[in-house]
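Student: I have a structure to read and some terms to sort out. Can we go through them one by one?

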Amino acid sequence: MKKIISIVFLFLTTILSVFCAPNYQYNIHNANPNGTTNINPKEFSAGSMVLFIVDFSNSMNEKMGDRTKLRVALDTLTSILPQIPSNVQTGLRVYGHRGGFTYVDGCRASKLAVPMSVNNSGAILNSLYQTSAVGWTPITYSLKQAVNSDFAGISGKKHIILLTDGGENCDESPCTYSIELMKTRNDISIDVIAFDIFDQEARNQLRCTALTTSGKFYSANSPDELRNSLFESLNIDKDVRGTIKINP
């Protein structure tokens with residue numbers, strides 16, 4: 001019964017969010033407020049690969065102070081992504097970017113928005129700003145797609161940074177999947193940034209997902225904590241952090 005109620009609720013919120021989701025514009029001139037590249041390339045090993053998986057579920061439209069959580073995430077990523085050295089391979093997968101009129105549709109709303117490549121920050125930011133937060137939270141499906149499709153044919157260590165403001169709501173377990181994954185793979189680590197999540201069960205699942213893969217779990221309940229979590233995940237030196245400012 002609880003699952004049926006949950007599906008009905010998600011269905012109704014999906015319909016409403018399609019019409020109410022705010023539309024943000026990306027201005028490339030604001031991507032690097034200081035006009036300089038501040039991240040030390042030595043922080044990245046040769047052949048570094050970072051895939052960002054970003055939550056575009058409807059709850060990202062909720063307010064955090066005077067901005068929505070989505071706006072906070074976009075502002076933060078806009079300041080940080082251009083600082084990544086151009087020779088580092090980066091990519092973007094999003095989920096919740098479209099509504100689902102059935103449970104299956106909503107739980108398959110995940111796509112590789114920007115394939116892995118070098119010099120990719122501009123493409124990732126353009127894609128982020130063209131995406132609306134309207135759907136559900138298929139975390140496990142997104143991780144499966146990242147491992148099986150996005151990284152297909154790519155060798156070397158792979159680093160996933162998962163930014164989510166909620167736990168799995170598609171009747172799967174990212175923790176269980178990560179445990180099974182590590183039985184056959186040792187080339188993937190998952191850092192999880194739990195953005196404004198206070199549900200303990202969701203946090204436990206996400207923490208397990210990170211630690212099982214030798215990744216890190218971060219709890220970010222404010223814009224500053226989100227920024228610092230991304231800095232930590234990207235191994236950016238503390239001295240650099242003070243030179244990157246977030247535009248409100």
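This is a predicted model: local features need pLDDT of at least 70, side-chain atom pairs count only at pLDDT 80 or more; totals for chains, interfaces and linings use all residues.

Tutor: Start with a contact between two helices. Val-72, Ala-73, Thr-76, Leu-77 and Ile-80 in H2 meet Pro-223, Leu-226, Arg-227, Leu-230 and Phe-231 in H8. By class, that contact has eight nonpolar, one polar and one charged residues.

Student: How are two packed helices described?

Tutor: By the angle between their axes and the distance between the axes. For H2 (residues 69–80) and H8 (residues 223–233), the angle is about 40 degrees, and the axes are 10 Å apart.

Student: What makes Tyr-103 and Trp-136 an aromatic pair?

Tutor: Ring centres must lie within 6.5 Å. Theirs are 5.8 Å apart. The structure holds one such pair.

Student: Why is the pair called tilted?

Tutor: Stacked means planes under 30 degrees apart, and edge-to-face means over 60. These planes are at 50 degrees, so the pair is tilted.

Student: Where does each partner sit in the chain?

Tutor: Tyr-103 is in helix H3, and Trp-136 is in the loop between H4 and H5. They are 33 residues apart, linking distant parts of the chain.

Student: How do you know whether Trp-136 is buried or exposed?

Tutor: Buried means under 20% relative accessible area. Trp-136 has 1%, so Trp-136 is buried.

Student: And what is Tyr-103 counted as?

Tutor: Partly exposed, because its relative accessibility is 22%. That value lies between the 20% and 50% cut-offs.

Notes. Residues are numbered from 1 along each chain as its sequence is written. Side-chain values use heavy atoms; hydrogens and water are left out. Axes are lines fitted to C-alpha atoms, for helices over the stretch in contact, and angles run from 0 to 180 degrees between N-to-C directions. Helices (H or I, at least four residues) and strands (E, at least two) are DSSP runs, numbered from the N terminus. Contact means heavy atoms within 4.5 Å. Ala, Val, Leu, Ile, Met, Phe, Trp, Tyr, Cys and Pro count as nonpolar, Asp, Glu, Lys and Arg as charged, and the others, Gly among them, as polar. Rings of Phe, Tyr and Trp (its six-membered ring) pair if their centres lie within 6.5 Å; planes under 30 degrees apart count as stacked, over 60 as edge-to-face and the rest as tilted. Buried means under 20% relative accessible area, exposed over 50%, partly exposed in between (1.4 Å probe, protein chains only).
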